[in-house]
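Trainee: Could you walk me through reading a few features of this model? I would like the general idea and then the case at hand.

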Amino acid sequence: LEGEKPGGAVLRVIHGSVALCLLCGFIIAHLFNHDLALWSVKLHGEVMESLRHWYRAEWVEPVLLVLLASMIVTGVPLVERYSRQPANAYRSIQMATGVYIGLFLCAHVFAVLSGRRGGVETDWHFAVGNPGLLDGRAMLIVYYIYSALFLIVHAGCGLRVVMLKHGAAEVAANRVFRGVAGVGVIVTVVLAVAAF
């Protein structure tokens, strides 16, 4: 981006590359699996069991956790740097959603790993069942549902930056962002209906 310091460009590329690995290696499938609960909690459980063979594999899970930590480690200085500069609406949305997602993922991963360590099955019922993580906690449900929307919107902001950096017209980059954000709204609505 114009006037960007070299260190900022390197951090941004690392952050984006790690994000792409996490999206393709886990997050897209994970969100899709959650959305399946609207169709059937049983189907959601069956698909989750299949996906666990991948993302809980002995060598995959530690890599995913390291990638997640890398996202946070590179995201914090990016927010710190860009928050000191004039920002348009897209940059402001990207920073705000990034902070939210960073905090959410720390809390979510801690809750799931703690549950697993305690011998709790961290399935759909762990989240929304009785007594589940979200049972009787309406605000926590909102917190979880926003996480999906903000994650997808954050990714859309990042994709917009990549497009602009590679010479795409701003109109096209903005249109792609709106399309990604629209997907985020759909995923979020499906999650909300499934959770309630």
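Mentor: Gladly. The structure holds 5 aromatic pairs. This is a predicted model, with pLDDT of at least 70 needed for local features and 80 or more for side-chain atom pairs, while totals for chains, interfaces and linings use all residues. Residues are numbered from 1 along each chain as its sequence is written, and side-chain values use heavy atoms, leaving out hydrogens and water.

Trainee: How is a pair of aromatic rings described?

Mentor: By the distance of the centres and the angle of the planes. Rings of Phe, Tyr and Trp (its six-membered ring) pair if their centres lie within 6.5 Å; planes under 30 degrees apart are stacked, over 60 edge-to-face, and the rest tilted. Here Tyr100 and Phe150 are edge-to-face, at 4.8 Å centre to centre and 85° between the planes. Tyr100 lies in helix H4 and Phe150 in helix H6, so the pair ties together parts 50 residues apart in sequence. Helices are DSSP runs (H or I, at least four residues), numbered from the N terminus.

Trainee: And which side chains meet in a salt bridge?

Mentor: A salt bridge is a side-chain nitrogen of Lys or Arg within 4 Å of a carboxyl oxygen of Asp or Glu. The whole structure has 4 salt bridges. In one of them, Arg52 meets Glu49 at 3.2 Å, N to O. Both residues lie in helix H2 (residues 41-55), 3 residues apart, about one turn of the helix.

Key
Helices (H or I, at least four residues) and strands (E, at least two) are DSSP runs, numbered from the N terminus.
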